Amino acid sequence: MSDCLFCKILKAEIPSEKVYENDVVYGFKDIQPLAKEHYLFIHKSHTKNINDLATQAPHQLTDVFTAISDFTRTNNLEEDGFRVVTNVNSNGGQTVFHTHFHVLGGEALKGFGA
Ligand code: 5GP
Ligand code: ZN
């Protein structure tokens with residue numbers, strides 16, 4: 001989508017710090033990290049959020065979570081642990097409307113009962 005920030009990142013029209021890439025998934029550092037390590041994983045094919053993705057292209061979930069699994073296993077995040085978050089619409093705090101998964105780690109994370 002031409003007016004989508006993350007599609008622009010995929011086209012390198014906006015710079016990003018890549019941490020992972022395969023044919024269908026791109027991972028990069030969040031510009032405003034909320035943890036010592038904070039990455040965003042996106043599918044290269046645009047959907048708006050996980051509900052649109054589930055309707056339009058559910059196989060993308062496998063693509064993205066396989067990439068997150070590969071990345072966290074090979075970057076020392078798996079053993080100490082990490083968190084995956086996806087926000088939907090305004091109450092969820094979604095500000096960029098290209099489905100994305102926050103991968104947070106590098107320290108003990110608070111919230112969710114911690
Ligand atoms: P959301 O609030 O939609 O769940 O997450 C959007 C995320 O994108 C935020 O954590 C925000 O810091 C990040 N973000 C916004 N603009 C940019 C950008 O230009 N580059 C990068 N790397 N991250 C961005
Ligand atoms: Zn997009």
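Which helix holds Asn89? Asn89 belongs to helix H4 (residues 89-92), and it is shown in one of the views below.

The legends describe a predicted model, in which local features need pLDDT of at least 70 and side-chain atom pairs count only at pLDDT 80 or more, while totals for chains, interfaces and linings use all residues. Residues are numbered from 1 along each chain as its sequence is written, chains are lettered from A and ligands numbered from 1 in the order in which they are written, and side-chain values use heavy atoms, with hydrogens and water left out.

**Figure 1. Overview of the protein chain, with four helices and five strands.** Along the sequence the elements follow the pattern α-β-β-β-α-α-β-α-β; helices (H or I, at least four residues) and strands (E, at least two) are DSSP runs, numbered from the N terminus. Along the principal axes, the C-alpha atoms fill a box of roughly 35 × 30 × 25 Å. Of the 114 residues, 34% count as buried, where buried means under 20% relative accessible area, exposed over 50% and partly exposed in between (1.4 Å probe, protein chains only). Among contacts with a separation of 6 or more, 51% come from residues 24 or more positions apart; a contact means heavy atoms within 4.5 Å.

**Figure 2. Surface and charges of the protein chain.** The chain exposes about 7000 Å², of which carbon and sulfur atoms supply 50%; accessible areas come from the Shrake-Rupley method with a 1.4 Å probe, and for residues only the protein chains shown count as cover. The chain carries 10 positive and 14 negative charges, whose mean positions are 4 Å apart. Lys and Arg count as positive and Asp and Glu as negative, whereas His and the chain ends are not counted. Each charge is placed at NZ of Lys, CZ of Arg, CG of Asp or CD of Glu.

**Figure 3. Aromatic cluster of Tyr20, Tyr39, Phe41 and Phe71, linked by ring pairs.** A search of the whole structure finds six aromatic pairs. The ring centres of Tyr39 and Phe71 are 5.0 Å apart and the planes lie at 80 degrees, so this pair is edge-to-face. The pair links distant parts of the chain, with Tyr39 in strand S3 (residues 37-43) and Phe71 in helix H3 (residues 59-74), 32 residues apart. Tyr39 is buried at 9% relative accessibility, and Phe71 is buried at 3%. For Phe41 and Phe71 the centres are 5.3 Å apart and the planes are at 55 degrees, so the pair is tilted. This pair, too, links distant parts of the chain: Phe41 lies in strand S3 and Phe71 in helix H3, 30 residues apart. Phe41 is also buried. Rings of Phe, Tyr and Trp (its six-membered ring) pair if their centres lie within 6.5 Å; planes under 30 degrees apart count as stacked, over 60 as edge-to-face and the rest as tilted.

Figure 4. Asn49 counts as buried, at 4% relative accessibility. Leaving aside residues up to four places away in sequence, Asn49 touches Val88, Asn89, Gln94 and Thr99.

**Figure 5. Positive phi values at Asn76 and Asn89.** Most residues other than glycine have a negative phi. Phi of Asn76 is near 60 degrees, and phi of Asn89 is near 55 degrees. Asn76 lies in the loop between H3 and strand S4 (82-85) and is exposed, with a relative accessible area of 70%. Asn89, in helix H4, is partly exposed at 36% relative accessibility.

**Figure 6. Lys36, in the loop between strand S2 (25-29) and S3.** Lys36 is exposed, with a relative accessible area of 67%. Lys36 touches Gly105, Gly106 and Glu107, not counting residues up to four places away in sequence. From Lys36 to Ala108, 72 residues apart in sequence, the C-alpha to C-alpha distance is 9.5 Å.

**Figure 7. Asp3, in the segment before helix H1 (5-10).** Asp3 is exposed, with a relative accessible area of 60%. The C-alpha atoms of Asp3 and Phe82 are separated by 31 Å, and the two residues are 79 residues apart along the chain.
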